[in-house]
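Dear colleague,

I am passing on the structure we spoke about, with the sequence and coordinates placed just below. Please look through it before reading my notes.

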Amino acid sequence: MNLNIKNLSVIYQNGSHSIQALEEVSIDIGHGKCVALVGESGSGKTTLGKACMGLLPSNASWKGRVNINGQQLENLDESVLNEMRWDKIAMVFQNRAGNLNPVHCIVDQVAEPLIQRGFSSRKQANIKAGKILEQMGVYREYLYRYPHQLSGGQLQRVLLAMAMILDPEIIILDEPTSSLDALSKLFISEIIDQFKSKGKAVLLITHDLEIAAGLADTVHVLYLGRILETLPASDLLLKPLHPYTLALGRSYPTMTTARDLGGIKGDVFYRLVHQHGRHDQDKYRHTHIQVPDSSHKDGHAPPFGCLFQSRCTQAINRCQNENVPLEKIGDHMVRCLRSGIADILSLKGVSKSYGNVPALYPTDLILKCGELFCLIGETGSGKTTLAMILAGMLKQDSGEKTFEGRDMDQWAKQEYQSLARRIGVIYQNPAESISPRFSVFEAVAEPLKIHKKAMSRESIQNGVSRVLARVRLSADPSFLKRYPHELNMGAIQRVCMARALILEPALLVADEPTSSLDPSVQAKVLKLLLDLQIELGLSMFFITHNIGLARKIGDRIGVMLAGRLVEVGPADKILSGPRHPYTQLLINSARGLVKNTFKPGSKEIKPVGCPFVSRCPRHKDLCREKSPEMVDLDYCRVRCHFPLTVDHLYEN
Amino acid sequence: MNVNSTHQISRRLGLILIFGLAALIMTYLSYSLPRLLPGDFVTAMYAGSDVTLTVDQEAELRAYYTEEAGFCNYLLKLVKLDWGYSYAFLTPVSALFLETFPWTLLLLGTAHIISISIGFIAGVEASWRQGTRLEKGIVGGMTLLEGIPEISTGVILLLIFALKLQWFPAAGAETAYAEVSFWVRVLDIGHHLALPLITLVLAYFPGNFLLARNSMMMIIKAPFITTARAKGLPDRRIRYAHAARNALLPLATRFGLRLAFMITGVLVVERIHSYPGLGTLLFNAIQARDLPVIQAVVLISSLMVLAIILALELVYKIIDPRIEYER
């Protein structure tokens, strides 16, 4: 007794053009389960809801199977189906003006199904409707009002009450929380929880990722009528595997993420299916995606491959012409040829020591495509060493590193140039990283010449002025002729940045790239880097001491202490609930909450045990004896024997 | 509550005041405008006859048939329900009115009720079958019919059914001087009524049909119809309680306005079929320059417009709950 949808495809016919609203969508909702459907508008969410009710408009044709409580929808007679509607499966329509009949008062509309099915007399039905409305928070004095006399939130409650009147087993909710205040949202989510505990199957269609993550068991991410990812709800914001899910999450403002909102490049409306040619022989049928700037030409090639490729930042050639199956990865189902968000760089057991001074203990780290990773930690903790190893500037003593699927050391040995083109580096000390005998133009243009990316004088000039505009520097001839000593630190730092970006690298490794910029320029430059992240999928690895900055731009944060990564995780998890006492100390210091921590000799580090033990207020004997291992903990990895819990957070 | 009811009373009073003022202006116009007609009763009566009046006789007659009592006097008489005497029939205008009005009411009322109810139901059903060949044909036919004026349908019907086939009488509202039982009389009246009634129904029905269908087409697309369908309601319930109920408003307006312009609307048909109603009375009165009758008929029809507009206000509030709230 539940809702099963198997390979459902819906096409809206419209003359010779038609719109593919859904393609082979399969969804299962069991008893007491809530399944959420998320995706941009036009992804076919509402069509799916209507299809389950058998309410598609007459120009829609559908294929596939919809099974409601063991009955196949496609086999049902319209009159039988009509009996099932509302009684077995009900829908709370998206709250717009006009979902309720303007000329009937609300209690009548709620009670109507009871009366029309002959379940009870008009009087009893009205009493029952009044009770349900009251449960939903619509009070007695509103019962005989008309829809136009109620507020949006009240109408939403009326719609909910209406769906509940026959106590159906399956409930479809279409955007139940859009345009509601926080309290009403909470109320609606409590109602949905009640549905679940009563054993009803709930299909939640929503834009609200927080609600989906909080209420649903499983989330399906729909894009242009196809499921791109199916994932456990808790992973929706914290561990998405498909680039589209990630981009959706980045675009959604939650109460915990402090990071600037991203967005998804480009825009799409729907998928057209059409047919060309006046004569039978050159008729051919294909689908193409309707985008805002499309000028559809007759006879263009039909797109194969991934639907999301034009907006995906990690698309490769294969994505254009190969069919993409839904693939099982862990407990996710992902429709991506690259098996979800790809790793751009991974370190395995990488360590480094200078002479007999260990600078970096064996470290594992994975950077994802299009991710901005911020590394924080006190000076001397090995951040720069790690960054230089990442950038391929420094060779590790042991361990291996892989960049874009190739062994980095091998790559560097064979053709260093092509590797160097893919990684841009901004060094810690901008003034020293540019030759004093190079003018601005020469310094910025040099990588182009070395890598033979642009040969003619004109194309070099164009490249230079474009990249200078990106970092908000002037491309004025008099400025281009200046030498580093004639520039202030902010300008030099931006010249370094331009130099790192001019080859359009895939990864940007930057050691405190904005430390000498004034706040206004820093804001502009960071905004630009985030734009590059959205447009080109630029991955970034930043070292910073400014935790506020890491909070604002970082997708993930890593914390370093004495040559070890001690905590790695999503930025908002780490910053709102640090698990390592050292991370907590760093954050509290940044907030100005800690005083007088400097004690001479207190940073002494013994070869065994936790490096933080001398400063840790919570240390126990075990911490002195044994160095802690990295453990997985609620989407983070922490190197601590006794990690902090949420309760500790509130103690402070 | 108290404030609210005081507010309501003052609003009602304001409405009555405005309508009263409008009625006064109407009365003045219906008093003064017919006077501007060229010629008068005397010229109208003797112009076509062989009798030639001397100047003295003419002046005497004219003095007899002209009341120069002024508007205030006219108003006073009206208040006393004294509508004056008809020059031509030499009977009180009120008697003439009472004689003719029931016929007009019978003809027009029946025509309206038939055309609005059939038109509405046909429109609703047509909209529900939108796109079928039958529906398309009917809509085309109705659009054509809507373009034919009642003067031509009336004449054609008269020619075929009264003169050629002789199924129906060509004139009058009942057989004169017949002493018959009640039911036979009813049948006789119905027999006389048929042709003018059909003419009027043919004139009004297509408009009602098209209006009902068009407003239904808009409403069928409204989200609340999908809601009603999702609720698993019977088809007829959705069609009438949800869709048609909302399509009623424009139709009520049309009904009211048509009714308000009853007398002018019915004039042509009454003349063609020589039906003894208000329209015929007005026509004859204008021909004879029978000033008191013209004044009375014009006044009554204009007051009727006012009354119906007022009634429409009330009807609107009943059929559309949104209206009162928005004021």
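This is a predicted model: local features need pLDDT of at least 70, side-chain atom pairs count only at pLDDT 80 or more; totals for chains, interfaces and linings use all residues.

I begin with the contact between the chains, to which chain B contributes 20 residues and chain A contributes 26 residues. The size of an interface is often given as the accessible area lost when the parts come together. Here the area buried between chain B and chain A is about 2200 Å², and carbon and sulfur atoms account for 58% of it. Between chain B and chain A there are two salt bridges, and twelve residue pairs are in polar contact, with both residues at pLDDT 80 or more. On the side of chain B that touches chain A, the elements giving two or more residues are α9 (223-230), α10 (235-260) and α14 (322-326) of chain B; of these, α9(B) gives the most, with six residues. By class, the residues on that side of chain B comprise nine nonpolar, five polar and six charged. A salt bridge joins the side chains of Lys231(B) and Glu112(A), at 3.1 Å from N to O.

As for chain B by itself, it has 14 helices and zero strands, and its C-alpha trace spans about 85 × 65 × 40 Å along its principal axes.

Turning to chain A, helix α5 (residues 152-164) and helix α6 (residues 182-197) of chain A pack with their axes 11 Å apart and at an angle of about 10°. Because angles under 35 degrees count as roughly parallel, α5(A) is described as roughly parallel to α6(A). The residues that meet are Gln156(A), Arg157(A), Leu160(A) and Met164(A) from α5(A), and Ser184(A), Phe187(A), Ile188(A), Ile191(A) and Phe195(A) from α6(A). In terms of class, this contact of α5(A) with α6(A) has six nonpolar, two polar and one charged residues.

Over all chains, the count comes to 25 salt bridges.

With kind regards

Technical notes. Residues are numbered from 1 along each chain as its sequence is written. Chains are lettered from A and ligands numbered from 1 in the order in which they are written. Side-chain values use heavy atoms; hydrogens and water are left out. Axes are lines fitted to C-alpha atoms, for helices over the stretch in contact, and angles run from 0 to 180 degrees between N-to-C directions. Helices (H or I, at least four residues) and strands (E, at least two) are DSSP runs, numbered from the N terminus. Angles under 35 degrees count as roughly parallel, over 145 as roughly antiparallel, 65 to 115 as roughly perpendicular and the rest as oblique. Contact means heavy atoms within 4.5 Å. Ala, Val, Leu, Ile, Met, Phe, Trp, Tyr, Cys and Pro count as nonpolar, Asp, Glu, Lys and Arg as charged, and the others, Gly among them, as polar. Buried area is the accessible area (1.4 Å probe) that two parts lose on being put together, summed over both. A salt bridge is a side-chain nitrogen of Lys or Arg within 4 Å of a carboxyl oxygen of Asp or Glu. A polar contact is a pair of N or O atoms within 3.5 Å; within protein, one must be able to donate a hydrogen and the other to accept it, and residues adjacent in sequence count only if both atoms are side-chain atoms.
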